Amino acid sequence: MGARARRATQTLCALGLATLAQLALAQESKRDDFYWLGQINKASAVINTEEGLLDKAAAPRIAKGLQSVLAAGDAPNGKRPSSVITFEPLLIEAAGVEATLLHAGRSSQDMLATVRSAIQRDNLLRLAQQLRQTRAQLLQLAQAHTSTIVPNYTNGVAAQPNSYGHYLLGHLAGFDRDAQRLHEAFARLDQSAMGTTVLNGTSWPLNRERMAKYLGYPATVDNAYDAAQILAAEMPAEIGAVASSIALHVGAFVEDVMVQYAQPRPWILLREGGGNTYVSSAMPQKRNPGLLNDTRVHASRVLTLGIGRLITQHNIPPGMSDSKPTRDSAAMVDTTLAMLQSFDRVLKGLVVSPERALEELNLDWTASQEVADVLMREHRLPFRVGHHFASEMVSFAKDRNIKPSDFPYAEAQRLYAATVKHEMQVENARFPMSESAFRAALDPVAIVRDRATAGGPQPREMARMIAQAQQRLAQEDQWIAERRGRIDAAQQQLDRDFARLAAQ
């Protein structure tokens, strides 16, 4: 990044993240196909004049004609053509046929490839900003629930106790990877196709690097054939894959909460009111989770559009325009933004009952694995033997409707002796756990607190992972600000240089 771009970035960052996002969105919303066709023409006029490819005597007149076309397009109900062949007649009308001298060494192929990548670039930055907000919301919720102990489920069945904050950090890790995928896609997209013309470049000695810099690109697409024939068709599919991954993570979270609504006493649900829930027209007891349903629908639409990017690109020769138009990719990104905004409302509307969650844990046997772990870790019993003992204990308890806290210690002693005799042919084995140790092994709170594995829910590891998540969000702020600053600074420089040319 150049010094000018760094200064622009620092200035914007000083305004605060919220203001930065608002300013960026306002600018990016104006940068449509017409805008970027105008910027490409401006850059062509400045560069080709300075490098002797465009007559310096004719350049100011052509530049003034281009100015009038762009001003007319910016006016209310002005014409804003989105293709080269519909833009050029307006330019000819304003500046004469001589204006087509701007087209030296250019093609609609490299121009539209650049227009589309520039729009997709802005759209990815909008998506990165919204994804960053979602990640921040998940982190804030995780911090609030580091000590909230809840059931976690595998195969749809209560499996182990866990910290709800730890569970949320697990979901956050998935969204962090989505952000990484977005960064990687952005880097491949953030290359200028200008100057590659159709397939193999041109005999005009175009300065591709200057053109890229004026349009806010840090690099050019290296291979001229790749620029408009391969990469331009590939990127919509890759962006679709990024959006689809985000939708899969949103859908998984929503469905995990949705399951609770089948229970008569959920430990987690949406706060009523505010559009979160709605009542049934026939059954007065129901509070339907409308927001969850809406968010799931958004996620399904994102997946439909994302997979559609792949299908549209499938089985066509290189360079065909089936998947290239910006409207389809823009619709996919817009739907992804709507999904994440709806998901943010879900996160803000969740109500967790720690008491009810702990009650559910104590009604079931999610702590039984800890008994087998203690027997192996502290008393050197083979894990499979301890596992069989714990399984026999659970079967005995469920047949008699005995809760973990009420399980008779004497019965544990008897089942242990029977299991060891069957598994290891040892007679009259003594149960090595004291009654207090046995009760502690069945305490969900103690289990979560005493986890020792790196990445677990114990307080020290939670503090470490939260600090790292905060650092990643700060890095994301910088990543977005740097790229927006670079693009915006480049457009400002181009506008200044073009204005000087037109004023000659």
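Which helix holds both Glu360 and Arg356, and how many residues apart are they? Select the two residues to begin the tour; the model on screen is a predicted one. Both sit in helix α12, which covers residues 354-363, and they are four residues apart, or about one turn of the helix. Show their side chains: Glu360 and Arg356 meet in a salt bridge, at 3.7 Å from N to O. Glu360 has a relative accessible area of 18%, and Arg356 has a relative accessibility of 13%. Buried means under 20%, so both residues count as buried.

**A network of charges**

Next, select Arg135, Asp176, Arg472 and Glu476. Salt bridges with shared partners join these four residues into one network. Now keep Asp176 and Arg135 in view. Their side chains form a salt bridge of 2.8 Å, N to O. Asp176 belongs to helix α7 (residues 164-189) and Arg135 to helix α6 (residues 108-144), so this pair ties together parts that are 41 residues apart in sequence. Asp176 and Arg135 are both buried.

**A link across the sequence**

Move to Asp488 and Arg31. The two form a salt bridge in which the closest N and O atoms are 2.9 Å apart. Over the whole structure, a search finds 33 salt bridges.

**Along helix α9**

Select residues 224-258, which make up helix α9. This helix has 35 residues and reaches 50 Å from its first C-alpha to its last, close to the 51 Å expected at 1.5 Å a residue. Go to the start of α9 and show Asn223 and Tyr225: a side-chain oxygen of Asn223 comes to within 2.9 Å of the backbone nitrogen of Tyr225. Then step along to Leu231, where a kink of about 40° in α9 is centred.

**The largest cavity**

Helices α6, α7 and α9 each supply at least two residues of its lining. A search of the whole structure finds five cavities of 30 Å³ or more.

Gln137 lies in helix α6 and is buried, with a relative accessible area of 13%.

For the last stop, select His166 in helix α7. Is His166 buried or exposed? The residue is buried, with a relative accessible area of 19%. Show Gly455 as well: the side chain of His166 reaches the backbone oxygen of Gly455 at 2.7 Å.

Terms used. Residues numbered from 1 in each chain as written. Predicted model: local features only at pLDDT ≥ 70, side-chain atom pairs only at ≥ 80, totals over all residues. Heavy atoms only, no water. Expected span 1.5 Å × (residues − 1). Bend = angle between axes of the 7 residues up to and from the residue. Polar contact = N/O pair within 3.5 Å; in protein donor to acceptor, adjacent residues only side chain to side chain. Buried < 20%, exposed > 50% of the residue type's maximum accessible area, 1.4 Å probe, protein only. 1 Å grid on protein atoms, 1.4 Å probe; cavity = no way out; pocket = protein on both sides within 12 Å on 5 of 7 lines; lining within 4 Å. Points joined across faces, edges and corners; volume = space filled by probe spheres on them.
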